[in-house]
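Please look over the sequence and the structure below, and then read the briefing that follows.

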Amino acid sequence: MDDAPDTPLDVLAGHRRAGRGDRPALADRRRSVTYAELEREVGARMRELREAGVGAGVPVGVVLTCLLESVADFAAALSLGAAVLVLQERAGGAERAAALDDFAAELLVAERGVARLRPAGRGTDAPAFAVTSSGTGGRPKVISREWPGTFRNSSVFAAESGLDADDVVLTTSPLGHSYAIEAGTLAVLAAGACQVVPSGPLTPARAAALAGRHRPTVLQTVPLVLDWWGRGGVPRAGHWKRCVSAGEALPAAAAGPWHDAGVPVLDHYGNSELGQLTLGPAGGGGVGRPLPGVGLRAGTGGPGPVTARFHGLSPVRVRQGRATPLADADGWVATGDLGVLDAGGGLRLTGRADALINVAGNKVSPTEVEAVLRGLPGVGDCAVVGRPGPAGGTQVWAFVEADARDFDAAALRRRAGELLTPVKVPAVIRRVDALPRTPTGKIRRGPLLTDDGG
């Protein structure tokens, strides 16, 4: 992987020289392009962006949409050596402005063209790839990394997940999310495969129709969509070779319809700081083993902080234009998660370090309580948080997606009490029609801390 091309344009040109120029590279709702066509589009866009001021080291924000033109903008800016901040199309105006300000972006590349945000400055020393966090707990963070290491990480993921030039990858997460652009677009380009980018959330019926049209072989998604489509018959509507799920814990029931249809499901763990970290078959209670080149540390006898490293990334958090290194002297980065490594090196996540609930001095893991509640009849999904009780102490609260006709909070508490120690049993269980989620399906816990979760 040390010989990986330096820029996206180099990658595209490499596929053309290898005789793969006429193979499909990307498809959106309007059109599809081959590798040779995409190479030409990126080259043309580079000339336009260069004239607008994009160049080596210039901090640039690029809004990624479900259209191929935005992918060409992204590839062109990186190929010019810019420091590129990927922005989600659905991000609110204030959120986007804050990210651009933290990154000290000089230019914004969006569907309407290129806008100058501030006078040209010194720029950075090298090409960079930056993303925002998912924002599940508040204002998103801007994380920047070295571009060569980022592409190498995506290339490793592509190889380990078995991607090849015959694969067609359907990505359901918005491209502005790091999972979709790194484990999706960049991994697809590394393998010479094809990526299908749908426009907005797809119902199972629309997903089945799309599968018939594009014949995708790999589904790259999140547990929420995997479960929804599984129950909607999508596993038997296409030519699927495998599914990859990431973003949060994958309930066994969500993978069931896919397994029943003979489609393997892989569980994957990654983060904004380091990209792709683990991969393995779903169903074992863990998220797989570390990818080649990934160092991973966690608890052994019990849950412990998860730290990871991957050579050549050197992640930093950028605030108000100032970069704070996230790795220690040996390259290890704290993920903020808790987990256990088994004897074979597989990782099982047990929750977030900052999400542990302190109930009268006892540490309660929301992940453990949620796993129990999800197994109870009538519970579709749930989220557990700590909230102040009437006496001032912290209580365990559970927000449950359930049908209003069958919901019985008292019965759920009694059943949970049979499976959990008393301190872990939710003091309050609230029914909601739907839990608040990010565009990629992750549960947003912030709103659950301050209101009724509805």
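Val-84 stands opposite Phe-129 in β7, and strand β4 (residues 83–88) pairs with strand β7 (residues 128–132) in the parallel sense over three bridges. Two strands pair if DSSP finds at least two bridges between them, and helices (H or I, at least four residues) and strands (E, at least two) are DSSP runs, numbered from the N terminus. This is a predicted model, in which local features need pLDDT of at least 70, side-chain atom pairs count only at pLDDT 80 or more, and totals for chains, interfaces and linings use all residues. Residues are numbered from 1 along each chain as its sequence is written, and side-chain values use heavy atoms, with hydrogens and water left out.

**The sheet**
- Eight strands form an open sheet with mixed pairing, in the order β6-β5-β3-β4-β7-β8-β18-β19.
- Because β6 (113–116) and β19 (322–325) stand at the edges with a single partner strand each, one side of each is left without a neighbour in the sheet.

**Helices on the sheet**
- Helix α3 (residues 68–79) packs on the sheet and touches β3 (59–64), β4, β5 (107–110) and β7, where contact means heavy atoms within 4.5 Å.
- The direction of α3 makes about 160 degrees with that of β3, such angles running from 0 to 180 degrees between N-to-C directions, with axes fitted as lines to C-alpha atoms, for helices over the stretch in contact.
- Helix α4 (residues 93–103) also packs on the sheet, touching β3, β4, β5, β7, β8 (142–146) and β18 (316–319), and its direction makes about 170 degrees with that of β4.
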